[in-house]
Amino acid sequence: MAVVYILNANNLTTDLLLYHNIDNKRLEKIKNSKNNLFIKEQLGSHLLLNDVLENTWFKDTNQIEYYYNENGKPYIKGSNIYFSLSHSNGIVALTISKEEIGLDIELIKDVKDNLARRIMNDEEYMIYQNLDKQNKKVYFFEVWTSKEAYIKKLGTKITLNPSNIMIDEDILLKHTNISGNEYMIAVTNATSITIDERYIPKELIKKEK
């Protein structure tokens, strides 16, 4: 079973003075971005990861050191605990495992056929073409999140031609509603998905100052 932890980062403050112990790689991303939503998603990822790790796996997250592989996939130094983070439209998702794992979350929205053609192989696109508009949207994000989750598990970058990605394992999908919007979640190495929505209160952010 995979537990997918969810945090709505849309209402988070972007005042970095209120956050503590952000790892250098994430802090660099934040400081180099002018996209307010991206910054909130990065801060939400930091808060959610610390909250779950501290309450489930570690007594003191201040002692955690992160390192990144050549493609930017994060790991916890000196630990056999693996995690995968994803974000979409201000919603941050996290899953943790004792083996390599990949997670993707995407807001379900209208898509154009030329985008579907670009990311799908011939068999996938044939299925897509035979669906009505609503089911086309859902199927598109089933395919897209599956490929993203698989690539994130492998720790490589998604190719310029996603239609060539061949997934050689089962990917579990969950179509769910979060904060009034539809999302698709894909997780590798899972037999079931449980959603755990977290709320990081303002007083916790202040405590980290």
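View 1. In β5, Asn-8 has Ile-91 as its bridge partner. β1 and β5 pair in the antiparallel sense, over four bridges. (Strands are DSSP runs of E, at least two residues, and helices are runs of H or I, at least four, numbered from the N terminus; two strands pair if DSSP finds at least two bridges between them.) This is a predicted model, where local features need pLDDT of at least 70 and side-chain atom pairs count only at pLDDT 80 or more, while totals for chains, interfaces and linings use all residues. Residues are numbered from 1 along each chain as its sequence is written, and side-chain values use heavy atoms, with hydrogens and water left out.

**View 2. The open sheet.** Four strands line up as β4-β5-β1-β9, with mixed pairing. β4 and β9 (193-198) are the edge strands, each pairing on one side only. From one strand to the next, the twist averages 25 degrees.

**View 3. The largest nonpolar core.** Here 22 residues come together, and Leu-48, Phe-83, Leu-94 and Ile-96 have the most contacts inside the core. (A nonpolar core is a set of buried Ala, Val, Leu, Ile, Met, Phe, Trp, Tyr and Cys residues joined through side-chain atoms within 4.5 Å; buried means under 20% relative accessible area, with a 1.4 Å probe and protein chains only.) β1 (2-8), α2 (36-56), β4 (82-88) and β5 (91-97) each give two or more residues to this core. The largest share, seven residues, comes from α2.

**View 4. The other core.** A second, separate core has 15 residues, including Ala-2, Val-187, Ala-190 and Ile-193.

Terms used
Buried means under 20% relative accessible area, exposed over 50%, partly exposed in between (1.4 Å probe, protein chains only). Axes are lines fitted to C-alpha atoms, for helices over the stretch in contact, and angles run from 0 to 180 degrees between N-to-C directions.
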